[in-house]
Amino acid sequence: MKAPFPWFGGKSTVAEAIWRRLGSPKQYIEPFCGSAAILLAAPSPASLEVIGDANCYVANFWRALKLQPDAVIAAQDYPVSHIDLFARHRWLTEPARVATLRDALLDPEWPGDAKIAGWWLWGQCCWIGSGWCDPARGQRGDGSAGGDGLGQIPHASNAGRGVQAVTLGKIPHASAAEWLRELADRLARVRIVHGDWSRCLNHHYGDTETAVFLDPPYRAFEKLYSDNGAPSTPVADDVAAWAREHAHLRVALCGHRGDYAMPGWAVMEWSRGRSTYGGKSTTDAECIWFSPGCLPDVPAQTSIFGAAS
(Lines give C-alpha, C1' and ligand atoms only; values in the text may rest on other atoms or scores of the structure.)
Protein backbone atom coordinates (compact mmCIF):
# COMPACT_ATOMS: atom_id res chain seq x y z
CA MET A 1 0.00 0.00 0.00
CA LYS A 2 1.34 3.42 -0.95
CA ALA A 3 0.74 6.98 0.15
CA PRO A 4 -1.57 9.00 -2.13
CA PHE A 5 0.88 11.89 -2.47
CA PRO A 6 4.61 12.42 -3.09
CA TRP A 7 6.68 13.28 -0.03
CA PHE A 8 10.03 15.04 0.01
CA GLY A 9 12.48 12.75 1.81
CA GLY A 10 10.21 9.69 1.95
CA LYS A 11 11.64 6.22 2.59
CA SER A 12 9.33 4.02 0.52
CA THR A 13 12.19 2.66 -1.61
CA VAL A 14 13.92 1.13 1.41
CA ALA A 15 10.81 0.12 3.35
CA GLU A 16 11.39 -3.60 2.79
CA ALA A 17 14.91 -3.41 4.23
CA ILE A 18 13.61 -1.45 7.22
CA TRP A 19 10.93 -4.01 8.01
CA ARG A 20 13.46 -6.83 7.90
CA ARG A 21 15.09 -5.15 10.92
CA LEU A 22 11.83 -4.25 12.69
CA GLY A 23 10.21 -7.66 12.19
CA SER A 24 6.59 -8.06 13.33
CA PRO A 25 6.40 -5.86 16.44
CA LYS A 26 3.48 -5.74 18.84
CA GLN A 27 3.63 -1.94 18.84
CA TYR A 28 4.70 0.36 16.02
CA ILE A 29 5.36 4.07 16.59
CA GLU A 30 6.14 6.62 13.84
CA PRO A 31 6.39 10.16 15.30
CA PHE A 32 7.38 11.84 12.00
CA CYS A 33 4.97 10.10 9.70
CA GLY A 34 4.88 12.41 6.65
CA SER A 35 3.49 10.14 3.95
CA ALA A 36 3.40 7.21 6.44
CA ALA A 37 5.29 5.16 3.85
CA ILE A 38 6.79 2.79 6.41
CA LEU A 39 3.49 2.20 8.22
CA LEU A 40 1.78 1.47 4.90
CA ALA A 41 4.55 -0.94 3.89
CA ALA A 42 4.26 -3.05 7.04
CA PRO A 43 3.93 -6.78 6.23
CA SER A 44 1.06 -6.89 8.75
CA PRO A 45 -0.48 -4.36 11.15
CA ALA A 46 0.81 -4.26 14.72
CA SER A 47 -1.58 -4.57 17.67
CA LEU A 48 -0.94 -0.91 18.46
CA GLU A 49 0.04 1.62 15.81
CA VAL A 50 0.65 5.30 16.52
CA ILE A 51 1.66 7.92 13.98
CA GLY A 52 2.04 11.65 14.34
CA ASP A 53 3.45 14.75 12.75
CA ALA A 54 4.08 18.33 13.87
CA ASN A 55 2.94 19.56 10.45
CA CYS A 56 -0.73 20.36 10.99
CA TYR A 57 -1.66 19.68 7.35
CA VAL A 58 -0.14 16.19 7.44
CA ALA A 59 -1.78 15.26 10.74
CA ASN A 60 -5.12 16.70 9.61
CA PHE A 61 -4.99 14.78 6.33
CA TRP A 62 -4.50 11.39 7.96
CA ARG A 63 -7.10 12.08 10.64
CA ALA A 64 -9.71 13.37 8.21
CA LEU A 65 -9.09 10.51 5.79
CA LYS A 66 -9.53 8.02 8.61
CA LEU A 67 -12.77 9.55 9.90
CA GLN A 68 -14.29 11.33 6.87
CA PRO A 69 -12.99 9.55 3.77
CA ASP A 70 -15.89 10.46 1.47
CA ALA A 71 -15.63 14.17 2.29
CA VAL A 72 -11.87 14.13 1.69
CA ILE A 73 -12.36 12.28 -1.60
CA ALA A 74 -14.84 14.91 -2.76
CA ALA A 75 -12.58 17.82 -1.76
CA GLN A 76 -9.46 16.49 -3.52
CA ASP A 77 -11.19 15.83 -6.83
CA TYR A 78 -10.13 18.78 -8.98
CA PRO A 79 -8.07 19.30 -12.15
CA VAL A 80 -4.53 20.65 -11.98
CA SER A 81 -4.73 24.42 -12.31
CA HIS A 82 -2.04 27.07 -11.89
CA ILE A 83 -4.32 29.85 -10.64
CA ASP A 84 -6.10 27.51 -8.23
CA LEU A 85 -2.81 26.24 -6.84
CA PHE A 86 -1.87 29.84 -6.05
CA ALA A 87 -5.31 30.69 -4.61
CA ARG A 88 -5.55 27.56 -2.48
CA HIS A 89 -2.02 28.01 -1.19
CA ARG A 90 -2.99 31.47 0.06
CA TRP A 91 -6.26 30.21 1.55
CA LEU A 92 -4.66 27.26 3.31
CA THR A 93 -1.85 29.35 4.81
CA GLU A 94 -4.04 32.17 6.11
CA PRO A 95 -2.68 32.66 9.67
CA ALA A 96 -6.00 32.61 11.52
CA ARG A 97 -7.08 29.46 9.68
CA VAL A 98 -3.80 27.71 10.47
CA ALA A 99 -4.04 28.67 14.15
CA THR A 100 -7.58 27.29 14.32
CA LEU A 101 -6.48 24.05 12.67
CA ARG A 102 -3.57 23.56 15.07
CA ASP A 103 -5.79 24.14 18.11
CA ALA A 104 -8.48 21.77 16.86
CA LEU A 105 -5.96 18.98 16.20
CA LEU A 106 -4.98 18.96 19.88
CA ASP A 107 -8.41 17.48 20.62
CA PRO A 108 -7.97 13.73 20.01
CA GLU A 109 -11.70 13.35 19.28
CA TRP A 110 -11.84 16.05 16.60
CA PRO A 111 -12.43 14.36 13.22
CA GLY A 112 -10.27 16.73 11.17
CA ASP A 113 -11.17 19.24 8.49
CA ALA A 114 -12.02 17.32 5.32
CA LYS A 115 -11.90 20.35 3.02
CA ILE A 116 -8.43 21.35 4.19
CA ALA A 117 -7.33 17.70 3.93
CA GLY A 118 -8.63 17.33 0.38
CA TRP A 119 -7.24 20.62 -0.84
CA TRP A 120 -3.90 19.90 0.81
CA LEU A 121 -3.75 16.47 -0.87
CA TRP A 122 -4.58 17.98 -4.25
CA GLY A 123 -1.86 20.63 -3.89
CA GLN A 124 0.73 18.18 -2.55
CA CYS A 125 0.33 16.19 -5.78
CA CYS A 126 0.49 19.35 -7.93
CA TRP A 127 3.43 21.04 -6.18
CA ILE A 128 7.04 20.72 -7.29
CA GLY A 129 9.58 19.95 -4.53
CA SER A 130 9.10 21.18 -0.98
CA GLY A 131 7.21 24.28 0.13
CA TRP A 132 3.55 23.44 -0.37
CA CYS A 133 1.58 25.19 2.39
CA ASP A 134 4.73 26.90 3.65
CA PRO A 135 3.51 30.49 4.17
CA ALA A 136 6.93 31.85 3.25
CA ARG A 137 6.93 30.22 -0.18
CA GLY A 138 4.85 29.98 -3.31
CA GLN A 139 2.49 32.91 -2.83
CA ARG A 140 4.37 35.92 -4.13
CA GLY A 141 2.24 37.89 -6.55
CA ASP A 142 5.04 39.94 -8.08
CA GLY A 143 5.63 37.65 -11.03
CA SER A 144 9.00 36.49 -9.70
CA ALA A 145 8.06 32.80 -9.71
CA GLY A 146 7.02 32.17 -13.27
CA GLY A 147 6.54 35.69 -14.57
CA ASP A 148 2.76 35.86 -14.27
CA GLY A 149 2.15 36.82 -10.64
CA LEU A 150 0.60 33.45 -9.80
CA GLY A 151 3.45 31.89 -7.86
CA GLN A 152 4.88 28.45 -8.56
CA ILE A 153 3.83 26.62 -11.71
CA PRO A 154 2.26 23.21 -10.89
CA HIS A 155 3.77 19.84 -11.75
CA ALA A 156 2.91 19.13 -15.38
CA SER A 157 5.79 17.09 -16.78
CA ASN A 158 4.14 13.65 -16.75
CA ALA A 159 0.79 11.91 -16.23
CA GLY A 160 0.61 13.01 -12.61
CA ARG A 161 1.65 11.99 -9.12
CA GLY A 162 -0.18 10.43 -6.21
CA VAL A 163 -3.95 10.31 -6.64
CA GLN A 164 -3.62 12.33 -9.83
CA ALA A 165 -1.77 9.44 -11.51
CA VAL A 166 -4.49 6.82 -11.31
CA THR A 167 -6.41 7.88 -14.39
CA LEU A 168 -3.77 6.59 -16.80
CA GLY A 169 -3.14 3.33 -15.00
CA LYS A 170 0.10 4.27 -13.25
CA ILE A 171 -1.32 3.11 -9.92
CA PRO A 172 -3.13 -0.26 -9.47
CA HIS A 173 -6.45 1.31 -8.46
CA ALA A 174 -9.52 1.95 -10.54
CA SER A 175 -9.87 5.46 -9.14
CA ALA A 176 -8.54 7.90 -6.59
CA ALA A 177 -11.69 7.29 -4.53
CA GLU A 178 -10.99 3.55 -4.36
CA TRP A 179 -7.39 4.19 -3.32
CA LEU A 180 -8.34 6.64 -0.58
CA ARG A 181 -11.10 4.39 0.82
CA GLU A 182 -8.62 1.52 0.98
CA LEU A 183 -6.24 3.77 2.92
CA ALA A 184 -9.05 4.85 5.24
CA ASP A 185 -9.73 1.19 6.02
CA ARG A 186 -6.03 0.64 6.78
CA LEU A 187 -6.07 3.60 9.19
CA ALA A 188 -9.16 2.41 11.07
CA ARG A 189 -7.22 1.35 14.20
CA VAL A 190 -4.21 3.65 13.80
CA ARG A 191 -3.89 6.37 16.43
CA ILE A 192 -3.07 9.74 14.86
CA VAL A 193 -1.67 12.58 16.95
CA HIS A 194 -0.42 16.09 16.25
CA GLY A 195 2.26 18.22 17.82
CA ASP A 196 5.69 17.59 19.29
CA TRP A 197 7.15 14.26 18.26
CA SER A 198 7.36 13.10 21.88
CA ARG A 199 3.54 13.03 22.10
CA CYS A 200 3.66 9.74 20.21
CA LEU A 201 5.94 8.16 22.80
CA ASN A 202 4.80 6.64 26.06
CA HIS A 203 6.89 5.52 29.02
CA HIS A 204 4.99 2.21 28.89
CA TYR A 205 6.73 1.37 25.61
CA GLY A 206 9.21 -0.88 27.36
CA ASP A 207 8.58 -4.07 25.47
CA THR A 208 11.41 -5.26 23.26
CA GLU A 209 8.77 -5.97 20.62
CA THR A 210 8.07 -2.26 20.24
CA ALA A 211 9.36 -0.75 17.00
CA VAL A 212 9.95 2.99 16.67
CA PHE A 213 10.74 4.51 13.28
CA LEU A 214 12.35 7.94 13.65
CA ASP A 215 12.67 10.09 10.55
CA PRO A 216 13.12 13.59 12.01
CA PRO A 217 13.92 16.65 9.91
CA TYR A 218 17.52 16.17 8.86
CA ARG A 219 19.91 18.31 10.86
CA ALA A 220 21.04 20.47 7.94
CA PHE A 221 17.65 20.76 6.25
CA GLU A 222 15.11 21.20 9.06
CA LYS A 223 13.63 24.36 7.56
CA LEU A 224 12.36 22.37 4.56
CA TYR A 225 9.95 20.40 6.75
CA SER A 226 8.67 22.84 9.33
CA ASP A 227 5.34 24.66 8.90
CA ASN A 228 6.06 26.79 11.93
CA GLY A 229 9.71 27.78 11.60
CA ALA A 230 12.75 25.68 12.47
CA PRO A 231 13.68 25.66 16.18
CA SER A 232 16.99 27.06 17.40
CA THR A 233 18.22 23.57 18.35
CA PRO A 234 17.74 20.76 15.79
CA VAL A 235 14.93 18.39 16.75
CA ALA A 236 17.19 15.61 15.50
CA ASP A 237 19.51 16.09 18.48
CA ASP A 238 16.72 15.38 20.97
CA VAL A 239 15.49 12.47 18.87
CA ALA A 240 18.96 10.88 18.79
CA ALA A 241 19.29 11.26 22.57
CA TRP A 242 15.94 9.50 23.07
CA ALA A 243 17.01 6.74 20.66
CA ARG A 244 20.24 6.07 22.56
CA GLU A 245 18.32 5.77 25.83
CA HIS A 246 15.89 3.27 24.28
CA ALA A 247 18.30 1.15 22.26
CA HIS A 248 16.75 -2.01 23.74
CA LEU A 249 13.68 -1.34 21.58
CA ARG A 250 13.64 -1.86 17.82
CA VAL A 251 14.57 1.68 16.83
CA ALA A 252 15.42 2.93 13.35
CA LEU A 253 16.85 6.46 13.06
CA CYS A 254 17.22 8.23 9.71
CA GLY A 255 19.68 10.91 8.69
CA HIS A 256 22.63 11.77 6.53
CA ARG A 257 26.07 10.22 6.90
CA GLY A 258 27.83 11.84 9.84
CA ASP A 259 24.67 13.20 11.49
CA TYR A 260 24.86 10.88 14.51
CA ALA A 261 27.29 8.94 16.67
CA MET A 262 25.45 5.76 17.63
CA PRO A 263 27.94 3.29 19.16
CA GLY A 264 26.84 -0.32 18.84
CA TRP A 265 24.16 0.47 16.25
CA ALA A 266 24.13 -1.08 12.77
CA VAL A 267 24.20 1.39 9.88
CA MET A 268 22.58 0.95 6.49
CA GLU A 269 23.82 3.36 3.83
CA TRP A 270 21.71 3.85 0.73
CA SER A 271 21.32 6.13 -2.26
CA ARG A 272 18.24 7.90 -3.51
CA GLY A 273 19.64 7.75 -7.02
CA ARG A 274 18.47 11.30 -7.72
CA SER A 275 18.90 14.83 -6.47
CA THR A 276 17.25 15.76 -3.19
CA TYR A 277 17.70 18.14 -0.25
CA GLY A 278 20.92 19.98 -1.16
CA GLY A 279 20.92 18.69 -4.74
CA LYS A 280 23.27 15.90 -5.80
CA SER A 281 25.60 16.45 -2.83
CA THR A 282 23.37 14.35 -0.55
CA THR A 283 22.06 11.78 -3.03
CA ASP A 284 24.40 9.06 -1.77
CA ALA A 285 24.60 10.23 1.86
CA GLU A 286 21.45 8.58 3.21
CA CYS A 287 21.83 6.43 6.34
CA ILE A 288 19.56 4.54 8.71
CA TRP A 289 20.88 3.55 12.14
CA PHE A 290 19.35 0.40 13.69
CA SER A 291 19.48 -0.14 17.44
CA PRO A 292 20.91 -3.28 19.06
CA GLY A 293 17.31 -4.25 19.83
CA CYS A 294 16.51 -4.65 16.12
CA LEU A 295 16.54 -8.00 14.35
CA PRO A 296 19.54 -9.04 12.25
CA ASP A 297 19.21 -8.20 8.57
CA VAL A 298 18.43 -11.43 6.73
CA PRO A 299 17.30 -10.72 3.15
CA ALA A 300 14.78 -13.11 1.65
CA GLN A 301 16.47 -15.95 -0.20
CA THR A 302 15.70 -16.60 -3.85
CA SER A 303 15.49 -20.15 -5.15
CA ILE A 304 16.82 -21.33 -8.51
CA PHE A 305 13.23 -20.98 -9.75
CA GLY A 306 13.13 -17.26 -8.87
CA ALA A 307 10.73 -17.38 -5.94
CA ALA A 308 11.57 -16.18 -2.44
CA SER A 309 12.18 -18.96 0.03
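**Basis**

The model is predicted, with local features needing pLDDT of at least 70 and side-chain atom pairs counting only at pLDDT 80 or more, while totals for chains, interfaces and linings use all residues. Residues are numbered from 1 along each chain as its sequence is written, and side-chain values use heavy atoms, with hydrogens and water left out.

**The chain as a whole**

The chain has 309 residues, and 52% of them count as buried. Here buried means under 20% relative accessible area, exposed means over 50%, and partly exposed lies in between (1.4 Å probe, protein chains only). The accessible surface of the chain is about 14200 Å², and carbon and sulfur atoms account for 53% of that surface. Such areas come from the Shrake-Rupley method with a 1.4 Å probe; for residues, only the protein chains shown count as cover.

There are 9 helices and 7 strands. Both are DSSP runs numbered from the N terminus: helices are H or I with at least four residues, strands are E with at least two. Among contacts (heavy atoms within 4.5 Å) between residues at least 6 apart in sequence, 73% join residues at least 24 apart.

An open sheet of 7 strands runs in the order β3-β2-β1-β4-β5-β7-β6, and its pairing is mixed. Two strands pair if DSSP finds at least two bridges between them. At the edges stand β3 (191–194) and β6 (266–270), each of which pairs on one side only. On average, neighbouring strands of this sheet are turned by 15° against each other, direction ignored. Axes are lines fitted to C-alpha atoms, for helices over the stretch in contact, and angles run from 0 to 180 degrees between N-to-C directions.

Strand β1 (residues 27–30) pairs with β4 in the parallel sense over 3 bridges. I29 is opposite V212 in β4.

Helix α1 lies across β1, β4, β5 (250–256), β6 and β7, and runs at about 15° to β7. Helix α3 (residues 56–67) lies across β2 and β3, at about 150° to β3.

**Salt bridges**

The structure holds 6 salt bridges. A salt bridge is a side-chain nitrogen of Lys or Arg within 4 Å of a carboxyl oxygen of Asp or Glu.

| Pair | N to O distance |
|---|---|
| K11 and D215 | 2.9 Å |
| D297 and R20 | 2.7 Å |
| E49 and R186 | 2.8 Å |

K11 forms a salt bridge with D215. The two residues are 204 residues apart: K11 is in the segment before α1 (15–22), and D215 is in the loop between β4 (210–214) and α9 (235–245). K11 and D215 are both buried, D215 with a relative accessible area of 14%. Leaving out residues up to four places away in sequence, D215 touches G9, K11, F32 and C254. The C-alpha atoms of D215 and C33 are 7.8 Å apart, although 182 residues separate the two in sequence.

D297 and R20 meet through their side chains in a salt bridge. This pair links distant parts of the chain, 277 residues apart, with D297 in the segment after β7 (286–290) and R20 in helix α1. D297 counts as partly exposed because its relative accessibility is 36%. R20 is also partly exposed, at 25%.

The side chains of E49 and R186 form another salt bridge. E49 is in strand β2 (residues 48–53) and R186 in helix α8 (residues 176–186), so the pair ties together parts that are 137 residues apart in sequence. E49 is buried, with a relative accessible area of 4%, and R186 is buried at 15%. Not counting residues up to four places away in sequence, R186 touches M1, L39, L40, A42, P45 and E49.

**A buried arginine without a salt bridge**

R63 belongs to helix α3. R63 is buried yet has no salt bridge, and D107, the nearest side chain of opposite charge, is 6.0 Å away. For charge, Lys and Arg count as positive and Asp and Glu as negative; His and the chain ends are not counted. Leaving aside neighbours within four places in sequence, R63 is in contact with A104, L105, D107, P108, W110, P111, G112 and I192.
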